There are 2 protein chains.
Amino acid sequence: MKTRRALTDRASAVPALAEAFREHGFEGASLTVLSQATGLGKGSLYNFFPGGKEEMMEAVLADIDHWFAESIFLPLERAEDPAQAIASMFEDVTAYFRSGRRVCLVGCLGLNTSGAAFAVTIRDYFARWISAIAQCLEVGKVPPDAARQLAEEAVSGIQGAIVLARALEDETTFHRILRRQHSTLTDAIGAWAGSQAP
Amino acid sequence: MKTRRALTDRASAVPALAEAFREHGFEGASLTVLSQATGLGKGSLYNFFPGGKEEMMEAVLADIDHWFAESIFLPLERAEDPAQAIASMFEDVTAYFRSGRRVCLVGCLGLNTSGAAFAVTIRDYFARWISAIAQCLEVGKVPPDAARQLAEEAVSGIQGAIVLARALEDETTFHRILRRQHSTLTDAIGAWAGSQAP
DNA sequence: GAGTTCCTGTACCGAACGGTACATTTGTGT
DNA sequence: ACACAAATGTACCGTTCGGTACAGGAACTC
């Protein structure tokens, strides 16, 4: 019996659902759209997600949360080489958001009332991202308050870069802004690096 | 005959429409919602905006564009005291976006497919905002390339601050980020201020 | 005050919405 | 081969969607 490939197919539908929600938003992604995006009929969709669209979005958010935890948050939180950890975060984030062509679903959800049902998930996502960066900066000898401020600014900068790159339809905008955010953080690590010798 | 208060009522409905679109997004703002928000029946709505929701959104965008041109862009473009012009921009923007509680409709529209019909309006809005700031910084003796980069970063930072403040449900985040964006720009003006005496 | 023009609420349209029911297909364990 | 359960496609549910038609009401002209 075992898995009976039930969870497998449900899980494999999630990325397609995520992309559909990204493209059309929560309200704009009708069941027809979601059905076409996944290649699954309504029957299958409701078999996997009895709670309808809302459960689909929850699954997508859980998937995103898991990916970020593994690929972004944990490496930052456990970093031994802060500058390197920050560098690979920017690299991974650039790839993930496709240089700004791909939207941040969590950020978008927070912008209008359709995301109200997911408010705590949204808040936790950003709160953890910020504290992960801050924690990493502190390893790099940046004082806690400055680290938090810089982390906040970095996450905000990434979100802003997505909005702007989408609006201007120009990937280079995204790269320029992230490059500068990156050097701001590495500069901060460098600035406090020698001030407190062991 | 004259205006026959036709234009008056159409114009007076626009702010309510704008707020409804902000809250619910383009797809989420149904005619019922728009009707309640404006206090106008469907008949009146279609009398003023024969093109339906799309024309309503166009009117809203035109209104926003006009407000920003008058209150934000022109003052920047004509600034004689750059530092002061930048300061009042941040002040006005903070008030306009209600410390991040209020969403940037133009930015939101660009994030999903529902805004595709307004792509050029969206692009022009951000392009002009960036070049207005850049122009203002150049008056402050900042070199053109640096001015453009800083301007891009400022607009992006404002958009990111909105996303983050909404997600965290915390206005202070918005204020912190904007304060820092502000000082980055004034620092830039200060840095090049004395380097090129008349 | 009649005539005209604009405005507005109501009723209604077909289409699409989210969601359900169910018969059928598909796959698997024994 | 058989039985049984999961997965699926289809038809359908009531509701709401964006949009239209239109009759009556207000307001202005003459």
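Trainee: What should I know about the model and the numbering before we start?

Mentor: The model is predicted, so local features need pLDDT of at least 70 and side-chain atom pairs count only at pLDDT 80 or more, while totals for chains, interfaces and linings use all residues. Residues are numbered from 1 along each chain as its sequence is written, chains are lettered from A and ligands numbered from 1 in the order in which they are written, and side-chain values use heavy atoms, with hydrogens and water left out.

Trainee: How many helices and strands does chain A have?

Mentor: Chain A has nine helices and zero strands. Both kinds of element are DSSP runs numbered from the N terminus: helices are H or I with at least four residues, strands are E with at least two.

Trainee: And what box do the C-alpha atoms of chain A fill?

Mentor: Roughly 65 × 45 × 25 Å, taken along the principal axes.

Trainee: How much of chain A counts as buried?

Mentor: 48% of its 198 residues. Buried means under 20% relative accessible area, exposed means over 50%, and partly exposed is in between, with a 1.4 Å probe and protein chains only.

Trainee: What about contacts in chain A between residues at least 6 apart in sequence?

Mentor: Of those, 65% join residues at least 24 apart. A contact here means heavy atoms within 4.5 Å.

Trainee: What is the volume of the largest cavity, and which residues are closest to its centre?

Mentor: The largest cavity holds about 320 Å³. It is lined by 28 residues, and the closest to its centre are Gly25(A), Cys108(A), Asn112(A), Gly25(B) and Asn112(B).

Trainee: Which helices supply at least two residues of that lining?

Mentor: Helix H1 (6–28) and helix H6 (105–109), in chain A and in chain B. By class, the lining of the largest cavity has 14 nonpolar, ten polar and four charged residues. Ala, Val, Leu, Ile, Met, Phe, Trp, Tyr, Cys and Pro count as nonpolar, Asp, Glu, Lys and Arg as charged, and the others, Gly among them, as polar.

Trainee: What about the second largest cavity?

Mentor: Its volume is about 50 Å³. The lining has eight nonpolar, two polar and no charged residues. Among them are Val103(A), Gln159(A), Leu111(B) and Val163(B). H8(A) gives the most, three residues.

Trainee: And the largest pocket, what lines it?

Mentor: The largest pocket has a volume of about 270 Å³. Of its 18 lining residues, the closest to the centre are Ala165(A), Arg166(A), Ala167(A), Glu169(A) and Gly110(B). H8 of chain A and helix H7 (119–139) of chain B each give two or more. The lining divides into six nonpolar, six polar and six charged residues.

Trainee: What does Val155(B) touch?

Mentor: With the neighbours up to four places away left out, Leu164(A), Phe126(B), Trp129(B), Ile130(B) and Ile133(B). Val155(B) lies in helix H8 (residues 144–168) of chain B and is buried, with a relative accessible area of 0%.

Trainee: Last one: what is phi for Ser99(B) and for Glu169(B)?

Mentor: Phi is near 55° for Ser99(B), and also near 55° for Glu169(B). Most residues other than glycine have a negative phi. Ser99(B) is in the loop between helix H5 (82–96) and H6 of chain B and counts as buried at 11% relative accessibility. Glu169(B) is in the loop between H8 and helix H9 (171–193) of chain B and counts as exposed at 52%.

Technical notes. 1 Å grid on protein atoms, 1.4 Å probe; cavity = no way out; pocket = protein on both sides within 12 Å on 5 of 7 lines; lining within 4 Å. Points joined across faces, edges and corners; volume = space filled by probe spheres on them.
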